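User: I'd like to learn how to read helix packing, strand pairing and a ligand shell. Could you walk me through an example?

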Amino acid sequence: MKAKPELSLHQVTVQDLDTIRALYLDVWGYNRPRTFDQWRFFDAPYGICPAVLAMDGERPVGFYTVWPVKIRLTGRMVLGGQSMDTMTHPDYQGQGIFPKLANACYELSAARGYKILYGFPNPLSYPGFIQRLEWQHTGDITHWIRPIRPSGHPGIPSLLGPVTDLIVRCYPKGSTRQFDISIGIPSLDMLGGQMREWNKQIGGHQIDRTPNWLKWRYADQSENDYEWVCAYRQGKLSAIGVWGMQNVQWGQVADQRAHLVELSGIDHTARQAILATVIKRAFQKSAILIETMTNIGEVTATLRRAGFIRHRQAPLIIRSLDNDVADAAVYDHDLWRFIGGDVDTF
Ligand SMILES: CC(C)(COP(=O)(O)OP(=O)(O)OC[C@H]1O[C@@H](n2cnc3c(N)ncnc32)[C@H](O)[C@@H]1OP(=O)(O)O)[C@@H](O)C(=O)NCCC(=O)NCCS
């Protein structure tokens, strides 16, 4: 009988980029832009992603990583991470590689000062997280969509396309009256002030949004052509939004789905003005729909008024890496606040 191969596990460094990409291609059948992977794994403001690779000799067979973020746990700031890009080569699945890599990555993360992790697993990884890795499913976060040009969707028969497009053009959008709208990132001073106001307004546990982190999060290297939309009233920044869509660097897999990744501002008419602008610009760029994930009450009210509908629920899972955060009620679902940009696939 052939002996089971002895796998070696190692901490990922920047030299592993091509190895990770080779595994990704084997697992998913395509690759993301190289600049995107470099940006996401190695260029984050809080250091490179803690990540572990499993090798069978020279062959990459498993990978697990977390994406660093600062998290405000009802006001207390800690280093945390989002679980992402869990993958095991199809020839090696069912041998416990995923839990082994995940545990190694948690040890590595804890040693680097990470306190807490969150994630939105798919049905394949969900059981492993809950049953073997001590994660808690605290509740669900809603995925919202707003059709823009349904005729571009592969599921819509071509004869019905023009009619559905016309119907969708009658959906509510909201108005930009009362505001000066500008495209492009605002001054970092204004942005910092606006984000502090917003953090206070929504409260709870949330990803910390400093201007520098936001600048990195929506950088050109992500190849999503992110665009900032700002609403000013009498020279004061009242609301901001960011949206993007995979660009030509994604080749065949670019799906023409626009992502709303930020929407904030305590004045709800200003948020509406941002959304009206985003919808218009996504239409001009031939998006088939706009999507986001959020449970922030203020934002969901604005989404509804602009024709967004609940599409599905995504399970939110949480795992503490340190008893030190136990008193912060990290498993209390109602305290968490998320929006699109907090989710690695947006
Ligand atoms: C999800 C994934 C990472 C799990 O990796 P893994 O190393 O196979 O994990 P495990 O060995 O713990 O197996 C997970 C479960 O799948 C079963 N399984 C999966 N493939 C199997 C196979 N080829 N033969 C036997 N069992 C298999 C295992 O028995 C186990 O079920 P159990 O928990 O009821 O015992 C892997 O399936 C994968 O890479 N999928 C594609 C990428 C993906 O969807 N990633 C998740 C992104 S959130």
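User: Is the crossing of α1 and α2 left-handed or right-handed?

Analyst: Keep in mind that this is a predicted model. The α1 and α2 helices make a right-handed crossing.

User: How do I describe a pair like that?

Analyst: In general, you give the angle between the axes of two packed helices, plus the distance between those axes. Here, α1 (residues 17-28) packs with α2 (residues 34-42) at an angle of about 115 degrees, and their axes are 11 Å apart.

User: Which residues in α1 and α2 meet?

Analyst: From α1 you get Leu17, Ile20 and Arg21, and these meet Asp37, Gln38 and Phe41 of α2. Sorted by class, this contact has three nonpolar, one polar and two charged residues.

User: On to strands. How many bridges join β5 to β13?

Analyst: Four bridges link β5 (residues 116-119) with β13 (residues 309-320), and the two run antiparallel. To find your place in this pairing, look for Tyr118, which sits opposite Ile318 in β13.

User: And how does β6 run relative to β13, parallel or antiparallel?

Analyst: Antiparallel, with nine bridges joining β6 (residues 136-147) to β13. One spot to check is Asp140, whose bridge partner in β13 is Pro315.

User: What about the ligand: how many residues surround it?

Analyst: There are 17, and the closest are Thr88, Gln93, Gly94, Ile97 and Phe98. Elements giving two or more residues to this shell are β4 (76-88), α3 (97-111) and α4 (126-132).

User: What is the shell made of, by class?

Analyst: Eight nonpolar and nine polar residues, with no charged ones.

Note on methods:
Residues are numbered from 1 along each chain as its sequence is written. This is a predicted model: local features need pLDDT of at least 70, side-chain atom pairs count only at pLDDT 80 or more; totals for chains, interfaces and linings use all residues. Axes are lines fitted to C-alpha atoms, for helices over the stretch in contact, and angles run from 0 to 180 degrees between N-to-C directions. A crossing is left-handed if the near helix is turned anticlockwise from the far one by less than a right angle, and right-handed if clockwise. Two residues are in contact if their C-beta atoms, placed from the backbone, lie within 7 Å. Ala, Val, Leu, Ile, Met, Phe, Trp, Tyr, Cys and Pro count as nonpolar, Asp, Glu, Lys and Arg as charged, and the others, Gly among them, as polar. Two strands pair if DSSP finds at least two bridges between them. A residue is near a molecule or strand if its C-beta atom, placed from the backbone, lies within 6 Å of it.
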